[in-house]
Amino acid sequence: MRAFEVVNADGDRARVTAESDPDLFWALRGGGGDFAVVTATEFALHPAPTLYGGRLLWPAAKAPVVLDVYRQITGTAPEELTVWYELLHFPGAAPMVAVDVTFLGDAGDAETLLRPLEKIGGTLSDSRAVLPVDRLGSITAEPTDPGPGCSRAELLTGLSDEVAAALLERPIEPLLSVQVRHLGGALARPSGTAAGHLEEPFALYLFGIPGADGGAAVRDRMRQITGPLIPHTTGRKPFTFLAPGERAAAAFTPQTLDRLRAIKRARDPRGTFRGNFPVLG
């Protein structure tokens with residue numbers, strides 16, 4: 001990110017860079033929506049890398065062995081490889097298990113790293129191919145139109161046998177998906193932004209669509225899954241994964257939160273702006 005064009009709390013326009021306003025520039029990169037209205041962004045472009053990726057899909061009966069192989073692959077994965085494990089149960093369909101992969105490099109190198117997945121057998125589909133970067137989102141094929149949903153996220157300290165057992169104890173319904181997202185790499189390195197870095201090796205993301213009960217059954221199932229995992233989570237959550245009822249304090253270190261609050265008080269003392277997860281909340 002090179003610059004933001006913003007409207008501040010006084011209604012004035014400004015161009016914000018690391019040189020012109022280092023505090024606000026820092027806060028706008030991952031600190032939430034409490035500081036200004038961003039009307040434009042300027043960012044650097046980089047050469048498009050070679051991208052290999054896709055989804056492998058199996059019946060849900062394969063979930064335990066797929067998770068075992070997933071743990072094996074992520075345990076030695078180079079930074080170029082990112083792998084997600086996902087339990088899926090769409091309405092009207094049988095439950096399934098998926099592995100979503102991306103590799104920044106040669107397809108042959110990726111296939112060598114992922115060969116243990118091919119040995120599982122019983123694959124329902126395999127969409128892996130060399131992709132242009134602008135088709136990255138096609139791997140998970142998630143809808144782009146807005147719609148209702150309930151979500152919850154946790155950062156995991158690892159994928160021990162106890163974590164695996166909790167995830168696989170029983171079917172995920174009424175949830176649509178339970179994802180284990182492989183982190184590490186650049187996400188684990190200091191970024192110089194308010195978002196900070198993620199030391200945890202995995203993120204757990206749960207999603208369901210609320211029914212006639214307003215989502216009570218979905219949220220209850222989420223609690224059933226995440227409750228036994230508390231000893232294996234850090235309590236921190238990425239800001240973009242915060243759910244209603246959670247607070248911005250869960251997304252930041254105490255030092256970062258103190259700095260964000262000081263910037264908020266200095267730049268918007270009348271509280272003109274209020275993000276969905278306010279830093280003063």
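## Aromatic pairs

The count of aromatic pairs comes to six, taking rings with centres within 6.5 Å of each other. In one of them, the ring centres of Tyr70 and Tyr85 are 5.7 Å apart and the planes stand at 45°, so this pair is tilted. Tyr70 belongs to helix 2 and Tyr85 to strand 5, so the pair ties together parts that are 15 residues apart in sequence. Both Tyr70 and Tyr85 are buried. Ring pairs also bring in Phe202, which forms a cluster with Tyr70 and Tyr85.

Phe239 and Phe277 form another pair, with ring centres 6.1 Å apart; their planes are at 85°, so the geometry is edge-to-face. This pair links distant parts of the chain, 38 residues apart: Phe239 is in the loop between helix 5 and helix 6 (254-267), and Phe277 is in the segment after helix 6. Phe239 and Phe277 are both buried.

## Overall form

The model is predicted. Its protein chain has six helices and 11 strands. A compact globule of 281 residues would have a radius of gyration near 19 Å, and the 21 Å of the protein chain agrees with this. Along the principal axes, the C-alpha atoms fill a box of roughly 60 × 45 × 35 Å.

Of the 281 residues, 42% are buried. Among contacts with a separation of 6 or more, 74% are between residues 24 or more positions apart.

## Helix 2

Helix 2 covers residues 63-76, 14 residues in total. From first C-alpha to last, helix 2 reaches 21 Å, close to the 20 Å expected at 1.5 Å a residue. The buried residues of helix 2 are Ala63, Val66, Leu67, Val69, Tyr70, Ile73 and Thr74. They lie on the same side of helix 2, because the arc they cover around the axis is only 165°. Gly75 and Thr76 are exposed, on the face of helix 2 turned away from its buried side.

## Helix 4

In helix 4, residues 161-168, the buried positions are Val163, Ala164, Ala166 and Leu167. Seen down the axis of helix 4, they fall within an arc of 165°, so they line one face of the helix. Asp161 and Glu162 are exposed on the other side of helix 4.

The buried residues of helix 4 pack against several elements. Two of these are helices, helix 2 and helix 5 (216-226). The others are strand 5 (81-88), strand 9 (150-156), strand 10 and strand 11.

Ser177 is found in strand 10, which covers residues 177-182. Its relative accessibility is 8%, under the 20% limit, so Ser177 counts as buried. Leaving aside neighbours within four places in sequence, Ser177 is in contact with Glu86, Leu87, Leu88, Ile172, Tyr205, Leu206 and Phe207.

Ala203 is in strand 11, residues 202-208. With a relative accessible area of 3%, Ala203 is buried. Apart from neighbours within four places in sequence, the contacts of Ala203 are Glu154, Leu155, Gln179, Val180, Arg181 and Leu183. Thr233 is 30 residues from Ala203 in sequence, and the C-alpha atoms of the two are 9.3 Å apart in space.

## Backbone details in two loops

The peptide bond from Glu173 to Pro174 is cis, and its omega is near 10°. Pro174 is placed in the loop between helix 4 and strand 10.

Ala141 has a positive phi, near 55°, and is a residue other than glycine. Ala141 is in the loop between strand 8 (129-131) and strand 9. The relative accessible area of Ala141 is 60%, over the 50% limit, so Ala141 is exposed.

Terms used
Residues numbered from 1 in each chain as written. Predicted model: local features only at pLDDT ≥ 70, side-chain atom pairs only at ≥ 80, totals over all residues. Heavy atoms only, no water. Helix = DSSP H or I, 4+ residues; strand = E, 2+ residues; numbered from the N terminus. Expected span 1.5 Å × (residues − 1). Buried < 20%, exposed > 50% of the residue type's maximum accessible area, 1.4 Å probe, protein only. Arc of directions from axis to C-beta. Contact = heavy atoms within 4.5 Å. Rg over C-alpha atoms; globule rule 2.2 N^0.38 Å. Phe/Tyr/Trp six-rings, centres within 6.5 Å; stacked < 30°, edge-to-face > 60°.
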